[in-house]
Amino acid sequence: MKDIPNFPTTLSNVTHTYLQTYDSILNKMISSMSQTSQTDSISYSFILQMIPHHQAAIQISENLLRYTTNIPLQNIALQIIEEQTKNIENMQQIQFQSQTFTNSKQDLSLFHRKLRQIMHIMFFEMKHAPILNQINTDFIYEMIPHHEGAVKMSETTLQYPICPKLKPLLTSIISSQEKSISKMQYLLQCIE
């Protein structure tokens, strides 16, 4: 579970249960993304990383929906579930075709190094998101770095020769997740 030494007795039972589930989802995502084997295709490698990333967003949003009564946040969570479910389906449709678009060793090395850096920051920020004993704000603080990671991973992937069918998916991920980040940042100001 998240390191919460300053709040051992002040967390509500609901928050504690929410955070336990979040921590389990996050650890599974980190494990899946970290253990993905490197391939000779940037396109295929991206898809292998992004599917568990999106699956985690869906599960974290479903976890929030068990508890929140905040209607704007419910709408954000439902939109995340809908968009990222569709993104997974689209990536799965081109997954095997994307393997045919191989890259140079130099590009692969640079790509994987950049991706590891992005994921390291994302994992750290999600693990150390503020805990305010308020599930709505906890979710936003957890989901913003998750979305930022997807945007940076997509932007990085677009810098290399990739499967043409992957490009519109990447631009869609960037656009939708940037919009979602803006909505959450605005809502966070309203809540706080």
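Colleague: Which residues touch the most other members of the largest nonpolar core?
Modeller: This is a predicted model, where local features need pLDDT of at least 70, side-chain atom pairs count only at pLDDT 80 or more, and totals for chains, interfaces and linings use all residues. Numbering starts from 1 along each chain as its sequence is written, and side-chain values use heavy atoms, without hydrogens and water. A nonpolar core joins buried Ala, Val, Leu, Ile, Met, Phe, Trp, Tyr and Cys residues through side-chain atoms within 4.5 Å. Among the 54 residues of the largest one, those touching the most other members are Met29, Phe46, Phe139, Ile140, Met153 and Leu166.

Colleague: Which helix gives the most to this core?
Modeller: Helices here are DSSP runs (H or I, at least four residues), numbered from the N terminus. At least two core residues come from each of α1, α2 (42-65), α3, α4, α5 (135-157) and α6. With 10 residues, the top contributor is α2.

Colleague: Leaving aside neighbours within four places in sequence, what is Met153 in contact with?
Modeller: Contact means heavy atoms within 4.5 Å. With neighbours within four places in sequence set aside, the partners of Met153 are Met33, Phe46, Gln49, Met50, Leu115, Ile118 and Met119.

Colleague: Is Pro52 buried or exposed?
Modeller: Pro52 lies in helix α2, and beyond its neighbours within four places in sequence it is in contact with Met29, Ser32 and Met33. The C-alpha atoms of Pro52 and Lys28 are 8.5 Å apart, although 24 residues separate the two in sequence. Buried means under 20% relative accessible area, exposed over 50% and partly exposed in between (1.4 Å probe, protein chains only). Because its relative accessibility is 12%, Pro52 counts as buried.

Colleague: Which side chains meet in a salt bridge?
Modeller: A salt bridge needs a side-chain nitrogen of Lys or Arg within 4 Å of a carboxyl oxygen of Asp or Glu, and the structure holds one. At 3.1 Å, N to O, the partners are Asp23 and Lys127.

Colleague: Which element supplies the largest share of the lining of the largest cavity?
Modeller: A cavity is a set of points on a 1 Å grid over the protein atoms alone where a 1.4 Å probe fits but cannot get out, and lining residues have an atom within 4 Å of a point. The lining residues are Ile80, Glu83, Gln84, Asn87, His147, Ser176, Gln177 and Ser180. Two elements give two or more of them, α3 (71-98) and α6 (167-191). The largest share, four residues, comes from α3.

Definitions and conventions
On a 1 Å grid over the protein atoms alone, a cavity is a set of points where a 1.4 Å probe fits but cannot get out, and a pocket is an open set with protein on both sides within 12 Å along at least five of seven lines; lining residues have an atom within 4 Å of a point.
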